[in-house]
Amino acid sequence: MELITHFIDGQEVESKDNGRFDNIDPWTREVRTEVALGGPAEADLAVAAAREAFDSGPWPRMGFAERGQILHRLADLIDANTHELAMADTMDMGKPIADSSSKDVPRSALNFRFFADHARMSSAETLPMDSGHHAYTRFESAGVVAAIAPWNFPLMLETWKIAPALAWGNTVVLKPAEDTPHSATILARLAREAGMPPGVLNVVHGFGPDSVGEALTTDARVDRITFTGESNTGRAIARAAAGNLTPVSLELGGKGANIVFADADLESAVQWSIKAIFSNAGQVCLAGSRLFVERGIYDAFLRRFCEVADALVPGDPKDPATQLGPLASAEHYTKVRSFIEGVAADGGTTVMGGIGEGWTVRPTVVTDAPADARVCREEIFGPVVVVTPFDSEAEAIGRANDTPFGLNAMVFTEDLSRAHRVSALLCAGTVWVNCFFVRDLRAPFGGVGDSGVGREGGNFSREFFTEPKAVVMDIRSEARR
């Protein structure tokens, strides 16, 4: 059986104690590979390698163009190995191969190309001063970055963290989610092939508490921590990082509101709303799991929405025709199932969907759920949507903002003034109008409240992964005589 190893200081290595854990295929529910089980010892080795590569190695001392050439070569290698990378994520977490190959892998390559070019072309500030002094800014590499990635978009979100960190001259220790280890090790191999020096990108597999995750977040040699995942885990990471005053970037959970006004293009709103909740089997932090529809079109919208949802093709994620794969793990399946089984007790009605075979969940639509029901308040992270009517713009905004989360929201309307007005009043890091999941990598990405701390993307990534420095010069020659 294949063994997925750590990647430390340019080499693939097993754990010091030869510890291993099983990697389960969520479709077959059988062991697919074994994975080297890392712990504090492996985290220590990886951080030491990254620290040495940053303090003494060539990577942070290269120019942007030279680093960029390596990152572009890595992007080319990602494209050339699309099938292997896509299949790794598909078999690790059940994502349909059509999505992982046509969306996730190309976007991962784009992350490296974009941030390589963005770092090279970024400009700093010059600040002339009336006093005869001159100030300007520099953006120095921060140091060693610990990147802790989630399992729902493994390669894509790993590269979202790694690419800007590397582009700005940092070194990285990546801990992929334990459920989705494979693509991270493949990526490290490709980085070595692209010419990345040893120690610049390290990958350590393992778990969180009392394992790799805790060791990385408490290590004083780590200069930045970037994490995407569940909100309570984010709180634990923030507490751990506080001991060393290590800056953190936390992109956490969501409970996205999707508001459809009566003047919306109904068919377009239905199609986008389907994508917003059922893509990746609903295992998306940005999922539009709370769907508010103006009462005048509520019945027509709900009828069409259920028709389209019912036509989605479930099945083996390795089949290109599959649109809805299994949930990623037994633990997660049990969690999502508990939400569905509790709908009636909370006062809601399951219009369609429910539990499928194995770890699959059919597209599930819930109505009549009271605002304090679990399905309305907690992040389900599955293909479950609650549809609720509303009567006024103010009511829709109030319902949308009635949540501790604030990652994203959607608005569907043909009224331009309303689109601007409502977008401004929604408490969310991103608002999509008449679309979903359309990204510009220059824009800030992150959330408010329980959805996280900080922003990444474009200059926001630059500020997190660097130490901005002010240089102030006396340019009055006579004053120095």
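Glu 393 touches Phe 261, Arg 418, Arg 421 and Val 422 (contact meaning heavy atoms within 4.5 Å), when residues up to four places away in sequence are not counted. This is a predicted model, in which local features need pLDDT of at least 70 and side-chain atom pairs count only at pLDDT 80 or more, whereas totals for chains, interfaces and linings use all residues. Residues are numbered from 1 along each chain as its sequence is written, and side-chain values use heavy atoms, with hydrogens and water left out.

Glu 393 belongs to helix 13 (residues 393-401); helices (H or I, at least four residues) and strands (E, at least two) are DSSP runs numbered from the N terminus. Glu 393 counts as buried because its relative accessibility is 18%, where buried means under 20% relative accessible area, exposed over 50%, and partly exposed in between (1.4 Å probe, protein chains only). Glu 294 is 99 residues from Glu 393 in sequence, and the C-alpha atoms of the two are 8.7 Å apart in space.

The protein chain contains 15 helices and 23 strands. Its radius of gyration is 23 Å, which agrees with the value near 23 Å for a compact globule of 481 residues; this radius is taken over C-alpha atoms, and the globule rule is 2.2 Å times the number of residues to the power 0.38. The C-alpha atoms fill a box of roughly 80 × 65 × 40 Å along the principal axes. Of the 481 residues, 57% count as buried. Among contacts between residues at least 6 apart in sequence, 72% join residues at least 24 apart.

The largest nonpolar core has 111 residues, and those with the most contacts inside it are Phe 112, Met 196 and Phe 278. Such a core is a set of buried Ala, Val, Leu, Ile, Met, Phe, Trp, Tyr and Cys residues joined through side-chain atoms within 4.5 Å. Helix 5 (residues 154-167) supplies the largest share of this core, 9 residues. Beyond its neighbours within four places in sequence, Phe 112 is in contact with residues including Leu 71, Ile 78, Ile 162 and Leu 187. A second, separate core of 21 residues includes Ala 43, Ala 49, Ala 50 and Val 222.

Two non-glycine residues with positive phi were examined. Leu 245, with a phi of about 55 degrees, lies in the loop between helix 8 (231-242) and strand 12 (248-251). Leu 245 counts as exposed because its relative accessibility is 75%. Asp 368, with a phi of about 65 degrees, is placed in the loop between strand 16 (361-367) and helix 12 (374-377). At 54% relative accessibility, Asp 368 also counts as exposed.
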